[in-house]
Amino acid sequence: MRRRRCCRAGGVALTSTLVEFDEIGSTNDWLATQDDAADGLWVRATRQRGGRGRRGRAWSSLEGNLFISVLTRPQPGEGPSQQLSFVAAVALDRALQHWVPATHLALKWPNDLLLGGIKVSGILLEGSDGATIIGFGVNLVEHPADTERPATSLVAQGYAAPSAHDLAVALMETFDATRTAWRDFGFDSIRNAWLARAAGLGAPLVARLGSETLTGSFDGLDADGALRLRFDDGSSRAIHAGEVFQL
């Protein structure tokens with residue numbers, strides 16, 4: 001285990017703590033065991049034995065990719081913890097722009113990052129004793145081939161991938177800056193930043209809500225971050241949880 005009290009990204013000193021392991025079960029699970037850990041504790045693993053994505057799906061933890069989590073505790077000026085999903089997505093998009101042109105990246109609701117229109121990362125939020133743990137998985141050099149929806153990596157798309165450590169430090173910087181903007185200017189600033197990077201605004205979507213499947217078009221986000229799905233008859237519906245896919 002390696003513990004760094006301060007990292008440096010883009011010439012900016014960060015006061016967050018980054019703990020790094022060669023191998024761990026799950027970065028989210030490790031943070032959940034750190035009783036009384038301070039806000040801003042990050043952990044990265046070179047390999048995970050038990051990585052997972054949303055809805056308990058296994059997350060393929062291929063060496064060379066980024067597996068990192070951060071523990072957050074509510075701070076003055078912050079909104080509901082579910083808004084951290086959008087803070088995290090915007091921050092990850094901004095971090096990857098150090099290595100990938102912004103025009104090749106886009107955000108998919110609620111917090112996937114697309115590279116060339118294909119999923120390159122996932123973000124998982126979990127509550128733990130009053131804190132919110134945010135896990136990031138980014139396919140840098142490898143990607144799984146057996147997923148329900150196609151996945152990709154930076155290398156597969158022809159980019160020279162940064163080291164997982166270098167992307168981790170960049171993400172720590174952009175997350176801190178994006179979270180500060182959320183506190184200072186409210187969720188609307190994050191919502192606008194997310195929409196500016198959104199994939200498929202106005203395009204047809206399928207939304208899976210448990211046993212219900214809806215088809216409509218992506219009509220933006222409500223003030224609370226819910227996806228607005230517009231139907232052919234002009235009516236619309238707010239989607240607060242579920243999975244959406246472009247047609």
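Modeller: The expected span of a helix is 1.5 Å times one less than its number of residues. The model discussed here is predicted.

Biologist: How do you know that α2 has a span close to the expected one?

Modeller: α2 has 13 residues, and from its first C-alpha to its last it reaches 18 Å. The expected value at 1.5 Å a residue is 18 Å, so the span of α2 is close to expectation.

Biologist: What makes α2 mostly covered?

Modeller: A residue is called buried when its relative accessible area is under 20%. Twelve of the 13 residues of α2 are buried, therefore the helix is described as mostly covered. Among the buried residues are L84, F86, V90 and D93.

Biologist: Which elements each supply at least two residues of the lining of the second largest pocket?

Modeller: They are α2 (84-96) and β9 (118-128). β9 gives the most, with three residues. The pocket holds about 410 Å³ of space. Its lining has 18 residues, and those closest to the centre are Q82, S85, F86, P110 and H240. By class, nine are nonpolar, seven polar and two charged.

Biologist: Why is the space lined by K108, W109, A199, L205, F218, L227, V244 and Q246 called a cavity?

Modeller: In a cavity a 1.4 Å probe fits but cannot get out, whereas a pocket is open. The space lined by these residues is the largest cavity, with a volume of about 60 Å³. One cavity of 30 Å³ or more is found in the whole structure. The lining of the largest cavity has six nonpolar, one polar and one charged residues.

How values were computed
Residues are numbered from 1 along each chain as its sequence is written. This is a predicted model: local features need pLDDT of at least 70, side-chain atom pairs count only at pLDDT 80 or more; totals for chains, interfaces and linings use all residues. Side-chain values use heavy atoms; hydrogens and water are left out. On a 1 Å grid over the protein atoms alone, a cavity is a set of points where a 1.4 Å probe fits but cannot get out, and a pocket is an open set with protein on both sides within 12 Å along at least five of seven lines; lining residues have an atom within 4 Å of a point. Grid points are joined across faces, edges and corners, and a volume is the space filled by probe spheres set on the points. Helices (H or I, at least four residues) and strands (E, at least two) are DSSP runs, numbered from the N terminus. Ala, Val, Leu, Ile, Met, Phe, Trp, Tyr, Cys and Pro count as nonpolar, Asp, Glu, Lys and Arg as charged, and the others, Gly among them, as polar. Buried means under 20% relative accessible area, exposed over 50%, partly exposed in between (1.4 Å probe, protein chains only).
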